[in-house]
Amino acid sequence: MAQRSSLVQDGLQRVRTAAEGLDHGLRRLQKRLDGQRKNLEKRIEHQRKAIEKGTQRQLERFLARLRESRFGHRAETLREDAAQRLETGASALLGALQIASKGDLDRIDRKLSQLSRKLKDLEKSGATA
């Protein structure tokens with residue numbers, strides 16, 4: 001009977017040793033895979049940045065050539081003309097509706113500030129007299 005319990009204990013010990021070895025092996029494998037994953041992430045990030053930088057340079061060169069072309073000059077002229085017409089139309093609309101524009105409000109604000117300063121000066125000189 002003692003021999004059977006010894007065999008069972010030996011068997012259990014072997015199973016424990018095998019499980020510990022398997023656990024140790026799995027931890028090593030997990031650590032190695034984690035290192036490889038981090039390395040791969042770094043390489044991908046580096047390549048992404050390089051591609052992004054190259055694409056940005058190509059885009060800047062393309063935009064510079066576009067601005068220098070006849071088409072670019074014409075587009076800029078049309079944009080300026082459209083902005084001018086829009087501004088003129090907005091001013092006319094605001095005038096027709098009798099709504100003050102931002103420029104009108106700024107001018108009124110400056111005049112009010114100037115009048116307020118003059119009034120304060122008059123009040124000070126009247127109080128001292």
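**Entry 1: ground rules.** I am working with a predicted model, where local features need pLDDT of at least 70, side-chain atom pairs count only at pLDDT 80 or more, and totals for chains, interfaces and linings use all residues. Residues are numbered from 1 along each chain as its sequence is written, and side-chain values use heavy atoms, with hydrogens and water left out.

**Entry 2: fold.** I looked up the secondary structure. I find three helices and zero strands in the chain. Here helices (H or I, at least four residues) and strands (E, at least two) are DSSP runs, numbered from the N terminus. Along the sequence I read the pattern α-α-α. The chain is more spread out than a compact globule, because its radius of gyration is 41 Å, well over the 14 Å that the globule rule gives for 129 residues. I note that this radius is taken over C-alpha atoms, and that the globule rule is 2.2 Å times the number of residues to the power 0.38. I also noted the box that the C-alpha atoms fill along the principal axes: roughly 120 × 65 × 30 Å.

**Entry 3: burial.** How much of the chain counts as buried? I get 2% of the 129 residues. Buried means under 20% relative accessible area, exposed over 50%, and partly exposed in between (1.4 Å probe, protein chains only). The chain exposes about 12,400 Å², and carbon and sulfur atoms supply 58% of that area. Accessible areas come from the Shrake-Rupley method with a 1.4 Å probe; for residues, only the protein chains shown count as cover.

**Entry 4: charges.** The chain has 30 positive and 18 negative charges, and their mean positions are 7 Å apart. Lys and Arg count as positive and Asp and Glu as negative, while His and the chain ends are not counted. The place of a charge is taken as NZ of Lys, CZ of Arg, CG of Asp or CD of Glu.

**Entry 5: salt bridges.** Side chains of opposite charge can pair when their charged atoms come close. I find ten salt bridges in the structure. The criterion is a side-chain nitrogen of Lys or Arg within 4 Å of a carboxyl oxygen of Asp or Glu.

- Lys-38 and Asp-34 meet through their side chains at 3.7 Å, N to O. These two are separated by about one helical turn, because they are four residues apart in helix H1. Lys-38 is partly exposed at 44% relative accessibility, and Asp-34 is partly exposed at 30%.
- Arg-48 and Glu-52 form a salt bridge at 2.9 Å, N to O. Again in helix H1, Arg-48 and Glu-52 are four residues apart, so about one helical turn separates them. Arg-48 has a relative accessible area of 38% and is partly exposed; Glu-52 is partly exposed at 48%.
- Arg-79 and Glu-76 pair at 2.6 Å, N to O. Both lie in helix H2 (residues 70-96), three residues apart, about one turn of the helix. Arg-79 is partly exposed at 47%, and Glu-76 is partly exposed at 36%.

I then checked for shared partners. Salt bridges join Asp-34, Arg-37, Lys-38 and Glu-41 into one network.

**Entry 6: surface patches.** Patches are made of residues with over 30% relative accessible area and no salt bridge; like charges are joined within 9 Å, and nonpolar side chains (Val, Leu, Ile, Met, Phe, Trp, Tyr) within 5 Å. Which residues form the positive patch? I list Lys-53, Arg-57, Arg-61 and Arg-65. Of these I placed Arg-61 in helix H1 (residues 2-68). Arg-61 counts as partly exposed, at 49% relative accessibility.

The nonpolar patch is built from Leu-22, Leu-26, Leu-29 and Leu-33, with about 370 Å² of accessible area together. Leu-33 sits in helix H1 and is partly exposed at 44% relative accessibility.

**Entry 7: backbone.** I looked up one phi angle. Gln-98 has phi near 55 degrees, a positive value in a residue other than glycine. Where is Gln-98? I find Gln-98 in the loop between H2 and helix H3 (102-128). Gln-98 is exposed, with a relative accessible area of 73%.
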